[in-house]
Amino acid sequence: MQNPLMQTIEALAKEKGIEPDMIITAIEDAVLTASRKYYKTNENLKTRFNQETGQVDLFATKHIVNDVADPATEISLKEAQELYGDEAEVDMEIEFPKRTDVLGRIAAQTAKQVIFQKVREAERENIFAEYNDRVGEVINSMVKRFENGDLIVEIGRVEAVLPRKEQSRAESYTPGERIRAVIKGVNRSAKGPQILLSRTDPALLIKLFEQEVPEIYDGTVMIRGAVREAGDRAKVAVYSRERDVDPVGACVGMKGTRVQAIIRELRGEKIDIVEWSDDAVVFVTNALSPAKVQRVTIVDDAERVMEVVVEDKQLSLAIGKKGQNVRLAAKLTGWRIDIKSEEEKRKEVEEQFGALGGEEAAAEDAGVESEAVAEDAGAESEPAMEESRVEESSVEAASVEESSAGESPADEPAAEAEETVPEMETEKS
C-alpha cells in the first residue's frame with residue numbers, strides 16, 4: 001500500500017498535468033535548500049526521496065583522496081577503509097547520513113515555498129510546450145471571470161486571457177458563456193495566465209471559413225488574404241484552383257448559409273467575399289465591392305498608387321462609412337487607392353486643359369510682341385541707313401575733289417585733269 005505522501009503527489013501531478021517525478025524532484029530540492037540554510041556548512045549535501053517510507057533522506061558526500069585538503073568534502077583513504085573496509089578506493093564517494101527532523105518550522109516553510117515554485121515552473125513549461133505549437137488555432141473556451149476589462153477563460157484545465165484590446169467592440173460576454181477564439185501567443189514568463197487569445201485577429205476569420213467551407217478545408221478554394229475591423233466589416237480574398245468551382249459562391253453557400261454561420265459567430269460583423277486576381281487592376285476593382293468601378297489607373301507602380309474613378313452616386317459606397325471600405329480594400333490589396341467621382345475627374349481634366357491653354361496663349365502673345373518690336377526697330381533703322389548712305393556719298397565726293405585739286409603736277413597734261421573732273425561729277429550726280 002502506498003504511503004499518504006505518495007498518494008498526494010500523484011493527485012497533485014494529475015491536477016496540474018505534470019509528471020509525479022517532477023514533484024518528487026521539487027521536494028528533494030526543497031529539503032536540500034532548507035538543509036543548507038540550517039547546517040550552514042561547506043559539505044556536499046544530497047537528498048533522496050524514499051517512496052516506500054515517504055521520507056526524504058539527507059546525506060553529506062565526501063570524496064576519497066590520498067591527501068585531504070578540505071575535510072568538509074574529502075576523506076582520506078585510510079579513514080574510508082576503516083569505515084568500509086578494503087572496498088573503499090581513491091576517487092570513490094562516501095555518503096554520511098544527516099538528520100532532517102531538526103530543520104524546524106522556518107526550514108519547513110522554505111521547503112514549502114520551493115515546492116510550490118518548482119511545481120508552478122513545471123506547469124508553465126508544460127503549458128508552453130503544449131500550446132506554443134498551436135498558435136493560430138481556434139479553440140473553444142468558457143468565460144470564467146473579468147479582471148480590469150480583460151476576460152479570463154478556461155481551456156480545459158488551463159486558464160487563458162482575452163485582453164480588452166483583443167475583444168470586438170460589438171461583443172459582450174457573461175460568466176459561463178462559451179466562445180471561440182484564436183490562440184495569438186504563449187508567454188513563458190507570465191505571472192498570470194500564459195495563453196493569449198484574440199477575437200479580432202484575421203486568423204480567426206480564416207479558421208472559421210476553414211471550418212464552415214469544405215472546399216477551403218480540402219484546398220480546392222484558397223484564402224489569399226483577409227482583413228478586419230472587428231465588429232464592423234471584413235474582407236476576404238479567395239481563389240479557386242479549379243476552373244469549374246466558383247470561389248465566392250462556395251464561401252457564401254446556398255442562400256448564404258455558410259457565411260451566415262460565420263457572421264453569427266462574429267456577432268453580426270459584415271463580410272465581403274471577393275475574388276483574388278494576380279492582375280492588380282482587377283484585384284483592386286473586386287476589392288472595392290460592393291461599389292462599381294468605372295476605370296482604374298496606375299499612377300505610380302513603384303509606390304503602388306492607383307487612381308479609381310466611380311460614378312457620382314457610387315462614391316459614398318466606394319469610400320464607405322468613415323472611409324472603411326476603401327481602407328480595408330487598400331489593406332487587402334497592398335495598394336494605396338485614390339477614389340474620385342466622374343464629376344471630380346472631369347473638373348480636374350478641365351482645369352488641366354485650362355492651365356495648358358493659358359500657357360500656350362501666353363507664349364503666342366509673347367511671340368507676337370517680339371515680332372512687332374522687331375518690325376518697329378527695322379522701320380526706324382531704314383531712314384537712318386538711307387541718310388547715312390547719302391552722307392557717306394557726299395563725304396566721298398568731297399574727298400575726291402580735294403585730292404584731284406591738290407595732286408595735279410605741273411609736268412602732267414592738262415587734258416587728264418579735265419577728264420577726271422567730269423567723271424567725278426557723274427558719280428556725284
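Which residues of H11 are buried? They are Gln324, Asn325, Val326, Leu328, Ala329, Leu332 and Thr333. The model is predicted, and every value below is computed from it.

**Helix H11**

Helix H11 spans residues 324-333 and is mostly covered. Seven of its ten residues are buried. The cover over these residues includes strands S10 (221-229), S11 (233-240), S12 (270-275) and S15 (336-341). Helices H9 (280-287) and H10 (315-319) are also among the covering elements. Glycine 334 follows H11 and has a positive phi, near 85°.

**The chain as a whole**

The chain has 429 residues, and buried residues make up 34% of them. It holds 13 helices and 15 strands. Contacts between residues at least 6 apart in sequence were also examined. Of these, 59% join residues at least 24 apart. The chain exposes about 26,700 Å². Carbon and sulfur atoms supply 48% of that area.

**Helix H2**

Helix H2 covers residues 20-39, 20 residues in total. From its first C-alpha to its last it reaches 29 Å. That is close to the 28 Å expected at 1.5 Å a residue. Its buried residues are Ile23, Ile24, Ala26, Ile27, Glu28, Ala30, Val31, Leu32, Ala34 and Ser35. Glu28 is one of the buried residues of H2. The cover over the buried residues includes helix H1 (4-16) and helix H4 (104-131). Strands S1 (44-50) and S2 (55-65) are also among the covering elements. Just after H2, lysine 40 takes a positive phi of about 55°.

Strand S5 (residues 138-147) runs antiparallel to strand S6 (residues 150-155), and five bridges join the two. Phenylalanine 146 has leucine 151 in S6 as its bridge partner. The S5 and S6 hairpin has two residues between the strands. Asparagine 148 in this hairpin takes a positive phi near 55°.

S6 also pairs with strand S7 (residues 158-162). This pairing is antiparallel too, over five bridges. Isoleucine 155 stands opposite valine 158 in S7. The hairpin of S6 and S7 has two residues between the strands. There glycine 156 takes a positive phi near 70°.

A salt-bridge network links Lys144, Arg145, Glu147, Glu154 and Glu159.

How many salt bridges does a search of the whole structure find? It finds 24. Three of them are listed here.

| Salt bridge | N to O distance |
|---|---|
| Arginine 48 and glutamate 95 | 3.0 Å |
| Glutamate 265 and arginine 199 | 3.0 Å |
| Aspartate 272 and arginine 233 | 2.8 Å |

Arginine 48 forms a salt bridge with glutamate 95. Arginine 48 lies in strand S1 and glutamate 95 in strand S4 (residues 93-98), so the pair ties together parts 47 residues apart in sequence. Arginine 48 has 36% relative accessibility and counts as partly exposed. Glutamate 95 is partly exposed as well, with a relative accessible area of 29%.

Glutamate 265 forms a salt bridge with arginine 199. Glutamate 265 lies in helix H8 (residues 257-265), and arginine 199 in the loop between strand S9 (195-198) and helix H5 (202-212), so this pair ties together parts 66 residues apart in sequence. Both glutamate 265 and arginine 199 are buried.

The side chains of aspartate 272 and arginine 233 meet in a salt bridge. Aspartate 272 lies in strand S12 and arginine 233 in strand S11, so the pair ties together parts 39 residues apart in sequence. Are the two partners buried or exposed? Aspartate 272 is buried, with a relative accessible area of 13%. Arginine 233 is buried too, at 16%. Strands S11 and S12 are also among the elements that cover the buried residues of H11.

**A nonpolar surface patch**

Val349, Phe353 and Leu356 form a nonpolar patch on the surface. Together they have about 280 Å² of accessible area. Phenylalanine 353 lies in helix H12 (residues 342-406). Why does phenylalanine 353 count as exposed? Because its relative accessibility is 58%, and exposed means over 50%.

Key:
Residues are numbered from 1 along each chain as its sequence is written. This is a predicted model: local features need pLDDT of at least 70, side-chain atom pairs count only at pLDDT 80 or more; totals for chains, interfaces and linings use all residues. Side-chain values use heavy atoms; hydrogens and water are left out. Helices (H or I, at least four residues) and strands (E, at least two) are DSSP runs, numbered from the N terminus. The expected span of a helix is 1.5 Å times one less than its number of residues. Buried means under 20% relative accessible area, exposed over 50%, partly exposed in between (1.4 Å probe, protein chains only). Contact means heavy atoms within 4.5 Å. Patches are made of residues with over 30% relative accessible area and no salt bridge: like charges are joined within 9 Å, nonpolar side chains (Val, Leu, Ile, Met, Phe, Trp, Tyr) within 5 Å. Accessible areas come from the Shrake-Rupley method with a 1.4 Å probe; for residues, only the protein chains shown count as cover. A salt bridge is a side-chain nitrogen of Lys or Arg within 4 Å of a carboxyl oxygen of Asp or Glu. Two strands pair if DSSP finds at least two bridges between them.
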